[in-house]
Amino acid sequence: MMNQGKDEYLDQRITIVGAGVFGLSTAYHLLQRGYRDVTVLDLVRSSYADAFYTALARESIAAWKDTQRWGDTYHESGVYCAMQGRDSYIDEAYKNDLAHGARVDTLESAEAVRAIFPENVNVALPEDARGFLNHDGGWAFASQGVARMMEMITSLGGKILAGKAVVELARASGRVVGVHCADGSVFDTDLLVLSVGSWTASGFPDLGLDGQCLATGQTVAFVQLTPEEAEQYRKCPVYLDFHSGFYVFPPNHENIVKCAIHSGGFVQKIRAAKSDIYVSTPRTVTSDGDDGLRIPRSSVQKIRTELRRIYPDLAQKPFSGTRLCWYTDSPNDDWVIGAHPDVPNLFLATSGSGHAYKFLLTIGNLVADAIEGKLSPELKKKFAVNRLHERDANEPEIRLEPPATLVLEELCTAEDLLLV
C-alpha cells in the first residue's frame, strides 16, 4: 500500500478499533506477518451458496480443530440443512459443499432425516422432509475463542487496551492521524482499521456507511434444560432452515439451547450525535441495561412456532431469556474489507452479515492482504466499501426481506416468555 522500506513498513503504527472477530483476527494476522506496533482498542455454519465462503469456511474449520490452540472451542456436531422444493441458495450450498470435499450425507426422506437425531429425542418432521447433513459443520464456544485469540495476540507483542471508547477520528490532509477516546486519551496512528461491528455507521456517521454497514437486530431466544434433558439433546446436529431463517444449536456447557431467526431483522433509527443523520443504532444491554435484551413479542411467537416444528418437547418449555443479536449487514451479505474511498489510510473490516465468527481464525488474513494491496482483483471488487450490489442466489430469500422498525411498545415482557 505504501512506498516504504520493509522495516519502516512493518514499524508503522497500526490502530484497530474494535476487538471483535474482524479486529482480533486482523491484529493476529498482521503480527504473524511481522508488524511490530499493533494496538487494539475496545470497550470490552460451513454451507454457502457462494463457493468462496465455502472454501474459506472449510479452511477455518480445519484451523478450529487444532485443539492445542483452541481446546474444545469448536464442537463438530454436524449441521442439518433442510431442503424444500426448489431453493437456489440451498441447492448451490449443497453443490459447493460436495465440490470442496465436505463429508455430506444426502437425506431424501423423512426417515433418513429422522435417523440423524438421537433415538430418544422427540423430533417433528413433515412427511416430505429432506435435506443434507454436513458432518464438517458445528458450533463454536464464542467467548472462549475470543479469549484465546486475545492471548495469542498479546503473546505476539500486540496490545489490547480495554475501556477505550473511540469517539472521534483525528484527521489531517485527508488522512486519519489518530483517535480520541471518551476518557480523554489520544492514540496517534499511521493506519487505522475500523472494526466496530454494528456500531460502525452510528459511531462514525460522517463516514457515510449506513448503507454499507447497516445495524440490524436479529432475534434470539434461550431454553434452559435440566442436566438430564441436555444429555438427551447433546448429540443433535445444528438445525438450519434457510426458508424460515430458523436455526437451533445443541445445548452448550450450561445446558442452554439457543434458537434464533436469521432474517432481515430490525432497525432502530436514531439521530447521530452532532449530526442531522438518522442511523440504525444497536439497542443492547450496554445502552439500555436488561431492557436492551428484549425482542419483539411477535418474534418470540415465531421462534416458539419454529421450535415446535422440530423439537415439540422443547417448545413446551418457557424461554429463559432473549436478546437482539446485532448484525452489521451489507446489502448483499458480502463483507466490507478495504480502504475508505475518501480516506486512504482508513480501512474498513466489518459487515459480517451474520456469518463472520466461524472465520475468526482466517478472516484477518484477507484484511492484511487488503492493507498490503495483495487482494485479488475479484476479491477487492467483492469486498469494496463503495461497490455496487446485485442480488443473486448467494443470499437466502429470508435475508432479502427489508428490516422492520423496532417498536419499543411491541417488545416482549417476562410473561411473553412463558408457555401460552
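**Gln 218 and its surroundings**

Guide: The side chain of Gln 218 forms a polar contact, at 3.1 Å, with the side chain of Thr 216. A polar contact here is a pair of N or O atoms within 3.5 Å; within protein, one must be able to donate a hydrogen and the other to accept it, and residues adjacent in sequence count only if both atoms are side-chain atoms. A polar atom of the Gln 218 side chain also lies 3.0 Å from the backbone nitrogen of Ser 263. Gln 218 belongs to strand β13, residues 214–224. Helices (H or I, at least four residues) and strands (E, at least two) are DSSP runs, numbered from the N terminus. With a relative accessible area of 2%, Gln 218 is buried; that term means under 20%, exposed means over 50%, and partly exposed is in between (1.4 Å probe, protein chains only).

This is a predicted model, in which local features need pLDDT of at least 70 and side-chain atom pairs count only at pLDDT 80 or more, whereas totals for chains, interfaces and linings use all residues. Residues are numbered from 1 along each chain as its sequence is written, and side-chain values use heavy atoms, with hydrogens and water left out.

The largest nonpolar core has 38 residues, and Phe 246, Leu 307, Tyr 311 and Phe 319 touch the most other members. Elements that each supply at least two residues of this core include β13, β15 (246–248) and α11 (297–310). The most comes from α11, with 4 residues. Such a core is a set of buried Ala, Val, Leu, Ile, Met, Phe, Trp, Tyr and Cys residues joined through side-chain atoms within 4.5 Å. In soluble globular proteins, nonpolar side chains tend to be buried together.

Two serines present a further backbone feature. Ser 173 is not a glycine, yet has a positive phi of about 55 degrees; Ser 351, also not a glycine, has a positive phi of about 55 degrees. Ser 173 lies in the loop between β9 (166–172) and β10 (175–181) and is exposed, at 78% relative accessibility. Ser 351 lies in the loop between β22 (343–350) and α12 (363–371) and is buried, at 0% relative accessibility.

As for the whole, the protein has 13 helices and 23 strands, and buried residues make up 54% of its 420 residues.
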